[in-house]
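Here are some notes for a colleague who is opening this structure for the first time. They are set out as numbered points, to be read alongside the sequence and the coordinates.

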Amino acid sequence: MTTPAFGTSGLRGLVTALTPDLITDHVQAYLAACPVGGCVWVGHDLRPSSPMLARVVRDALLAAGVDVTWAGEVPTPALALAALEAGQGAVMVTGSHIPADRNGLKFYTSAGEITKADEAAILAALGGAPAMGQGVLVDDPGVGGRYAARYKRAYAGALQGLTLGFYAQSAVGRDLMPTLLRDLGAQVTALARADEFVPVDTEAVSADTRTLLKACARDGRYNAILSTDADGDRPLLTDASGMVIPGDVLGQITGAALGATRAVTPVSSNTGAEDVFAHVTRTRIGSPYVIAAMQGDGVVGYEANGGFLLGFDAVGPAGPLPALMTRDAVLPLVAVLALAAQKGGLSVVLADQPQRFTASDRLQNVATATSQALVADWQKNPLNRATFLANLALTEASTDTTDGLRMTATDGQIVHLRPSGNAPELRCYTESGSAQAAQDLLTRALAALVTVLE
């Protein structure tokens with residue numbers, strides 16, 4: 001059985017491997033390595049294993065003499081906001097977008113999301129002598145409401161005139177989000193609420209999900225359809241036709257709307273950012289890397305999955321919007337829709353963006369060691385890269401190995417390969433001058449990779 005490990009966003013692994021002993025050991029190591037302000041907030045998503053795993057986290061904290069504020073079912077950024085405002089730590093039980101047979105823990109210190117240095121400190125503290133005591137447990141059912149209030153203050157009335165579909169599935173914010181959108185002035189219909197867990201990857205939206213969204217948009221009643229991943233820190237937004245808008249495009253629109261002058265985004269995000277912001281810093285993939293690089297005034301961070309980090313105190317159309325240095329889905333959804341309401345539609349907003357388009361997907365059930373070996377070989381061997389690119393009718397102009405292997409062709413198209421940090425998957429990102437060209441390139445690249453891996 002594969003041991004759970006830290007990936008791009010927290011500890012992840014098979015549910016069967018997330019045993020009470022393993023979770024307790026990691027919680028105790030977290031307490032030993034990280035400041036938590038004497039109390040830790042605990043929340044979870046809606047996947048079947050999450051309530052039980054959250055109770056294990058709660059009990060481990062209490063047994064170590066740490067007080068616990070229990071938030072229950074709540075989006076990750078809502079939990080993070082509550083903990084940050086209290087100057088305390090937090091643990092969110094969620095596997096985010098990965099299937100229900102997997103789950104994970106996201107840790108926050110009293111200063112915010114843990115860094116890669118914090119992860120190393122937690123790993124180094126595993127197996128240590130546990131602290132003993134008896135913490136106090138309190139419930140706080142108002143975490144989600146206070147999170148929603150943040151956006152009511154900044155965007156009151158900003159969605160007037162919009163008719164929206166909310167793809168509810170099994171997102172933890174599926175009740176909170178429609179209410180918030182209505183409070184901001186939109187007419188909202190909840191769609192496709194699911195009794196079973198649905199993994200929604202906002203970066204590599206599945207063909208089935210795309211088909212469903214297109215079907216929901218078919219009669220033209222909605223200006224847009226929106227949703228989030230399981231724990232509410234990654235947005236999903238379509239236009240009126242049901243076409244998914246890439247998350248990095250949402251990020252650059254949101255940053256510009258808020259007056260940001262600096263953007264931090266992973267190397268996988270589209271190159272339109274350099275045309276939008278005065279200064280762009282590229283990082284490895286994962287919010288800890290983005291956060292670490294968010295320095296200076298007027299800075300925002302975002303990822304190709306759409307998760308957005310606000311690094312300065314901004315102002316929305318109706319009021320103040322304080323900084324929130326954790327990945328968030330609500331802000332990019334609301335900010336982009338507010339612009340659509342103001343300018344006459346999403347099509348107008350999108351037409352103003354640099355004409356660079358991305359697509360992404362992954363080959364599943366590819367052993368991590370296999371993906372890593374392939375990428376490492378191609379990083380070192382230009383002939384092997386050239387053979388792969390020739391199958392796509394491309395010629396290499398440059399490469400970037402910041403995270404995986406990013407190959408830019410002489411015609412400006414991009415193919416980027418990266419082993420997943422938390423699942424047996426080989427991810428592929430493409431970029432081109434049109435959405436269709438990017439998708440076509442992705443389809444051909446994945447087919448070529450299947451042949452290479454056979």
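1. In this predicted model, His44 is in contact with Ser50, Pro51, Ala54, Trp70, Gly72, Glu73, Val74, Met92, Val93 and Val172, once its neighbours within four places in sequence are left aside. The residue lies in strand S3, which covers residues 39–44. His44 counts as buried because its relative accessibility is 6%, where the cut-off for that class is under 20%.

2. The largest nonpolar core holds 64 residues, and among these Tyr155 and Leu237 touch the most other members. Helix H11, residues 330–343, gives the most to this core, contributing 10 residues.

3. How do helices H5 and H6 cross? The axes of H5 (residues 143–155) and H6 (residues 176–183) come within 10 Å and cross at roughly 30°, so H5 is roughly parallel to H6, given that angles under 35 degrees count as such. The crossing in which H5 passes H6 is right-handed.

4. On the H5 side, this contact is made by Gly144, Tyr147, Ala148, Tyr151 and Lys152, while H6 supplies Leu176, Leu180 and Asp183. Sorted by class, the contact of H5 with H6 has five nonpolar residues, one polar residue and two charged residues.

Methods:
Residues are numbered from 1 along each chain as its sequence is written. This is a predicted model: local features need pLDDT of at least 70, side-chain atom pairs count only at pLDDT 80 or more; totals for chains, interfaces and linings use all residues. Side-chain values use heavy atoms; hydrogens and water are left out. Axes are lines fitted to C-alpha atoms, for helices over the stretch in contact, and angles run from 0 to 180 degrees between N-to-C directions. Helices (H or I, at least four residues) and strands (E, at least two) are DSSP runs, numbered from the N terminus. Angles under 35 degrees count as roughly parallel, over 145 as roughly antiparallel, 65 to 115 as roughly perpendicular and the rest as oblique. A crossing is left-handed if the near helix is turned anticlockwise from the far one by less than a right angle, and right-handed if clockwise. Contact means heavy atoms within 4.5 Å. Ala, Val, Leu, Ile, Met, Phe, Trp, Tyr, Cys and Pro count as nonpolar, Asp, Glu, Lys and Arg as charged, and the others, Gly among them, as polar. A nonpolar core is a set of buried Ala, Val, Leu, Ile, Met, Phe, Trp, Tyr and Cys residues joined through side-chain atoms within 4.5 Å. Buried means under 20% relative accessible area, exposed over 50%, partly exposed in between (1.4 Å probe, protein chains only).
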